[in-house]
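Please look over the structure below before reading on.

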Amino acid sequence: MLGTRRFGVTAALVLALATAASVAASFDVVTGDAAVALDDLAQLATGLFATAACWWTARRARGPDRAWRVVMGFGMLGWSIGQSLWTWYQLVEERAVPSPSPADAGYLSIVPFAFVALLVIGSHRRSENPDALLDRRSSSARLVLLLDGLIVVGSLFLLTWTTSLGGLVQAGNPSTAAFLVAIAYPLTDLVLLVIVVVLSADRKIVLRPQLRLLGLGLVGLAASDSAFAYLVSIQAPEVPPLANAGFVIGPVLIALAALAPPAQHTAAPARTTKSWQWAYLLMPYVPLLVSTVLVLRRTLIGDLEPLDGVEIACGFTVFVAVILRQLTTIVDNTKLAALLRESEHTLAHQAHHDPLTGLANRSLFESRLESAMVAHHEAGIPFGLLFVDLDDFKSVNDLSGHAQGDAVLEQVARRLQQCIRDTDVVARLGGDEFGVLVKGVEEPEKVAFRILDALGEDISASVGVVVCADPDPEDTAQSVLKRADKAMYEAKRDGGRGLVIHP
């Protein structure tokens with residue numbers, strides 16, 4: 001790994017050299033056999049450079065940052081062996097490279113190593129502030145991700161087969177081995193590129209610079225694979241070195257991924273995050289739309305060749321994947337809606353209830369008191385208000401600790417609830433103060449006596465009672481609450497463990 005400044009200089013230098021080699025071989029700066037030799041040797045050199053860069057930087061890295069470098073080094077070594085065999089065929093034996101050949105095995109060996117390297121990078125994520133859209137890790141979310149990948153890969157493979165690969169295979173009348181090699185390149189390229197796109201949509205990936213450069217390197221290799229397949233499909237007399245530019249620049253970008261300095265974590269702007277989310281949502285549908293248009297064109301226009309077996313099988317697979325994705329999404333959204341309703345209910349309960357005792361809090365109690373006061377003024381419905389305060393509760397906390405104090409409060413809450421009806425309200429108003437709203441009862445003092453009896457000898461409390469039997473236009477919820485509070489303090493001044501009724 002290099003510092004930011006050294007990395008910039010190194011990146012500019014190696015990219016300039018790689019580009020110069022491709023330009024020299026492509027635009028007659030170097031011609032004939034020398035151009036072929038320059039092109040092949042440049043590919044081999046950049047492949048070995050990427051191998052060395054991955055393994056050299058792995059020595060100082062740790063954890064996932066080291067693991068992906070080691071794995072990718074093996075991948076680039078395999079690719080370089082394939083390129084060395086290709087170079088041997090062309091420069092030493094001076095003959096066309098057979099297909100399939102050992103060089104194909106070397107080239108394709110990069111695929112499993114790149115796959116593992118990308119998964120290692122994707123697993124190294126920050127854990128704060130999970131993104132509700134991209135960071136769900138339920139089984140249904142993983143299934144949707146898998147189906148998205150299948151839709152993209154299937155659609156792009158269908159596009160590749162229709163435009164170039166199908167003609168290439170049919171023109172060559174290949175054996176089974178040659179056919180498998182022919183489809184392995186575009187298919188594996190598409191799989192790796194889909195993984196890169198999916199991981200790029202995750203804003204919590206720690207190794208983002210490495211992911212970007214590694215992804216660009218794989219894009220370069222895939223671009224030249226596609227160009228090579230297209231040129232062969234149209235039976236071009238030769239493959240120009242410019243088509244191999246991705247085989248030169250791609251390994252350089254992979255080497256730069258290993259040399260890149262670690263990124264400084266900064267929060268992504270909300271607008272950027274939203275753009276990535278939309279890109280993630282639309283990802284499976286863009287290639288599907290393009291492939292569908294091509295298939296419909298082939299189907300509806302009579303002078304074109306009919307669909308072959310590969311196109312039919314691939315199209316059917318993509319169609320089934322789309323149906324399964326939509327069904328999975330509907331089920332997942334239904335579950336999310338249920339979870340959202342449950343969360344809203346939980347939040348509403350937490351907003352109006354005391355977290356320790358589970359009783360109504362002061363806000364909910366005052367709201368119910370306001371409703372009782374309205375019914376009292378409009379319909380003459382009587383109610384009683386009780387203000388309960390524990391005696392000498394501070395000494396419990398001081399002598400036995402707050403845990404014991406909390407246990408006492410929970411016990412008081414249970415006993416208060418046993419003394420009232422379902423239509424009444426009991427609340428913790430704060431600290432060791434409790435309120436009880438008794439609706440439609442003309443003698444709420446009876447409830448107060450039941451409360452004192454329920455608290456027993458082990459818990460002492462003072463109770464202030466206000467009876468609202470006859471409507472008084474001047475009464476308000478706050479005035480009644482103050483009268484109950486005043487009555488409670490009168491009971492406390494009388495020695496506690498008793499009640500005072502305020503008119």
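This is a predicted model: local features need pLDDT of at least 70, side-chain atom pairs count only at pLDDT 80 or more; totals for chains, interfaces and linings use all residues.

Residues are numbered from 1 along each chain as its sequence is written, and side-chain values use heavy atoms, with hydrogens and water left out.

**Overall make-up**

- The chain has 17 helices and 5 strands; these are DSSP runs numbered from the N terminus, with helices being H or I of at least four residues and strands being E of at least two.
- Of the 503 residues in the chain, 46% are buried; buried means under 20% relative accessible area, exposed over 50%, and partly exposed in between, with a 1.4 Å probe and protein chains only.
- Among contacts with a separation of 6 or more, 75% join residues 24 or more positions apart, where contact means heavy atoms within 4.5 Å.
- The accessible surface of the chain is about 26000 Å², and carbon and sulfur atoms hold 63% of that; areas come from the Shrake-Rupley method with a 1.4 Å probe, and for residues only the protein chains shown count as cover.

**Nonpolar cores**

- A nonpolar core is a set of buried Ala, Val, Leu, Ile, Met, Phe, Trp, Tyr and Cys residues joined through side-chain atoms within 4.5 Å.
- The largest one has 47 residues, and Trp68, Met72, Leu118, Leu214, Leu218, Ile254 and Leu256 have the most contacts inside it.
- Several helices each supply at least two residues of this core, including helix 1 (4-26), helix 3 (64-92) and helix 8 (208-233).
- Helix 9 gives the most to this core, with 10 residues.
- Apart from this core lies another, of 26 residues, which includes Val412, Ile420, Ile451 and Leu499.

**Strands 2 and 3**

- Strand 2 (residues 425-430) has 5 of its 6 residues buried, so this strand is largely enclosed by the rest of the structure.
- Strand 2 pairs with strand 3 (residues 433-439) in the antiparallel sense over 5 bridges; pairing requires that DSSP finds at least two bridges between the strands.
- Alanine 427 stands opposite glycine 435 in strand 3.
- The hairpin of these strands has 2 residues between them, and glycine 431 takes a positive phi near 60 degrees.

**Salt bridges**

- The structure holds 9 salt bridges, each a side-chain nitrogen of Lys or Arg within 4 Å of a carboxyl oxygen of Asp or Glu.
- In one of them, aspartate 391 meets lysine 492 at 2.7 Å, N to O.
- This pair links distant parts of the chain, 101 residues apart: aspartate 391 is in the loop between strand 1 (383-390) and helix 14 (393-400), and lysine 492 is in helix 17 (residues 477-493).
- Aspartate 391 is buried at 14% relative accessibility, whereas lysine 492 is partly exposed at 26%.
- Asp389, Asp391 and Lys492 are linked in a network of salt bridges.
- Aspartate 398 and lysine 394 form a salt bridge at 2.8 Å between the closest N and O atoms, and both lie in helix 14, 4 residues apart.
- Aspartate 475 and arginine 483 meet at 3.0 Å, N to O.

**Surface patch**

- Phe316, Phe319, Val320, Ile323, Leu324, Leu327 and Ile330 make a nonpolar surface patch of about 680 Å².
- Patches are made of residues with over 30% relative accessible area and no salt bridge, like charges being joined within 9 Å and nonpolar side chains (Val, Leu, Ile, Met, Phe, Trp, Tyr) within 5 Å.
- Leucine 327 lies in helix 12 (residues 309-352).
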